[in-house]
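Reader: Hi! Could you walk me through this one while I have it open?
Author: Happy to, just ask away.
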Amino acid sequence: MAEPSREKSAVRRLALGIALLGGISAVWVPGFASPYNWLDLMSSSSITALFALGLLVVLIAGELDISFTAVASISQFLLAVVLARLDIGWVGAIALSALVGLLLGLVNGIVTTWLRAPPIITTIALLNVYGGLLALISRGEMLYDFPAFFTDTAIVRVGGYPLTLQVLALVVTAVITALLLKATNFGHILRAVGGNRDAALRLGVNGVIVNLLAYGYLGLVSGIAGLAQAQLLQAVTPGSLIGRELDVVAATILGGASLAGGRGGVVGTLLGVLFIALVGNILVLSGVSPYWHQAVTGVIVLAAVAPIVWRRARPALMEAA
């Protein structure tokens with residue numbers, strides 16, 4: 001049971017790190033403990049969390065996808081175009097965003113499976129293809145002509161408190177992802193394929209179908225994330241989401257997911273997103289240049305990956321010595 005224990009260890013380390021970071025910042029960083037700061041932190045990080053939950057499924061399957069931000073960008077652009085012309089309501093808006101994301105996710109799965117090239121190379125290429133096509137079609141114009149129903153800040157109220165679309169989407173996606181991974185046969189098959197693909201295939205598992213479903217799920221969730229960001233900003237700027245991939249990958253790795261597949265959980269992923277968001281929030285409140293956010297996130301990723309690389313390289317180094 002080594003793999004589950006690694007997930008639990010990652011969750012414990014993250015929970016301790018978040019508690020220490022939050023406790024120290026509450027004392028030394030002005031405005032950090034403000035309820036407004038935490039509400040803003042939750043809304044802004046919910047988009048990253050949605051991406052991370054979708055990516056988690058792909059990572060557990062032993063795959064990788066970097067093009068999810070471009071998928072979300074295309075989804076929200078088409079949504080904005082449709083909403084400016086048709087009254088499709090919330091149900092139509094959610095269905096459209098999810099469908100566009102799902103279709104592009106399936107395309108990613110088909111291309112990656114067909115080429116049999118490293119997924120990171122294939123999906124970086126797809127990221128550029130999607131981003132380039134979007135820039136060409138949109139000509140970089142911002143869209144902000146949304147109907148009245150789309151401009152309400154609170155979707156519903158629970159006990160008098162507003163529940164925003166971003167938080168609602170995150171809660172629903174987290175529950176669905178947790179059930180998918182823990183309570184369905186597909187979740188167990190996903191971990192089996194990611195943990196040992198050859199063994200799973202010998203047992204009759206269809207690896208192509210598993211890949212398509214994993215990439216399709218990430219695409220669907222990315223479509224929802226695109227809708228959530230458009231509603232939060234009340235505008236769609238083509239390509240504005242592209243470039244946030246590092247935060248998402250960092251959050252999932254910190255949360256215990258393995259780039260080698262077979263490992264990862266929803267709780268760890270959400271804690272990883274919170275940790276990355278806290279670091280960025282503290283840097284901003286401390287007056288540090290936002291450019292340092294990416295540099296610090298990169299250092300965090302290296303710190304998270306270094307022990308994994310060391311564990312793999314240690315037997316060979318010991319044997320050579």
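Reader: Let's start with backbone angles: which residue follows α10, and what is its phi?
Author: That is Gly 256, and its phi is positive, near 110 degrees. Keep in mind that this is a predicted model.

Reader: Thanks. And α10 itself, where does it run, and why is it described as largely enclosed?
Author: Helix α10 covers residues 245-254, and nine of its 10 residues are buried, so the rest of the structure largely encloses it.

Reader: Which residues of α10 are the buried ones?
Author: Glu 245 and Asp 247 are on the list, together with Val 248, Val 249, Ala 250, Ala 251, Thr 252, Ile 253 and Leu 254.

Reader: Back to phi for a moment. What about Arg 116?
Author: Arg 116 has a positive phi near 55 degrees, and it is a residue other than glycine. You'll find Arg 116 in the loop between α4 (89-115) and α5 (119-138).

Reader: Is Arg 116 buried or exposed?
Author: Exposed: its relative accessible area is 75%, and the cut-off for exposed is over 50%.

Reader: And Arg 139, what is its phi, and where does it sit?
Author: Phi of Arg 139 is near 55 degrees, again a positive value in a residue other than glycine. Arg 139 lies in the loop that links α5 to β1 (154-158). With 72% relative accessibility, Arg 139 counts as exposed.

Reader: New topic: surface charge. Which residues make up the positive patch?
Author: Lys 8, Arg 12, Arg 13 and Lys 182 come together there on the surface.

Reader: Which helix gives the largest share of that patch?
Author: Helix α1, residues 2-28, which supplies three residues. Lys 8 is found in that helix, α1, and Lys 8 counts as exposed at 53% relative accessibility.

Reader: Nice. Now Thr 177, which helix is that in, and is it buried or exposed?
Author: Thr 177 belongs to helix α6, residues 165-182. Its relative accessibility is 0%, so Thr 177 counts as buried.

Reader: What does Thr 177 touch, leaving out residues up to four places away in sequence?
Author: Its contacts are Leu 53, Val 57, Tyr 217 and Val 266.

Reader: And how far is the C-alpha of Thr 177 from that of Gly 54?
Author: Those two C-alpha atoms are separated by 8.0 Å, although Thr 177 and Gly 54 are 123 residues apart along the chain.

Reader: Great, thanks for the tour!

Conventions
Residues numbered from 1 in each chain as written. Predicted model: local features only at pLDDT ≥ 70, side-chain atom pairs only at ≥ 80, totals over all residues. Heavy atoms only, no water. Patch = residues over 30% accessible without salt bridge, like charges linked within 9 Å, V, L, I, M, F, W, Y side chains within 5 Å. Areas by Shrake-Rupley, 256 points an atom, 1.4 Å probe, with all protein chains shown as cover. Salt bridge = Lys/Arg side-chain N within 4 Å of Asp/Glu carboxyl O. Lys, Arg positive; Asp, Glu negative; His and termini not counted. Charge placed at Lys NZ, Arg CZ, Asp CG, Glu CD. Helix = DSSP H or I, 4+ residues; strand = E, 2+ residues; numbered from the N terminus. Buried < 20%, exposed > 50% of the residue type's maximum accessible area, 1.4 Å probe, protein only. Contact = heavy atoms within 4.5 Å.
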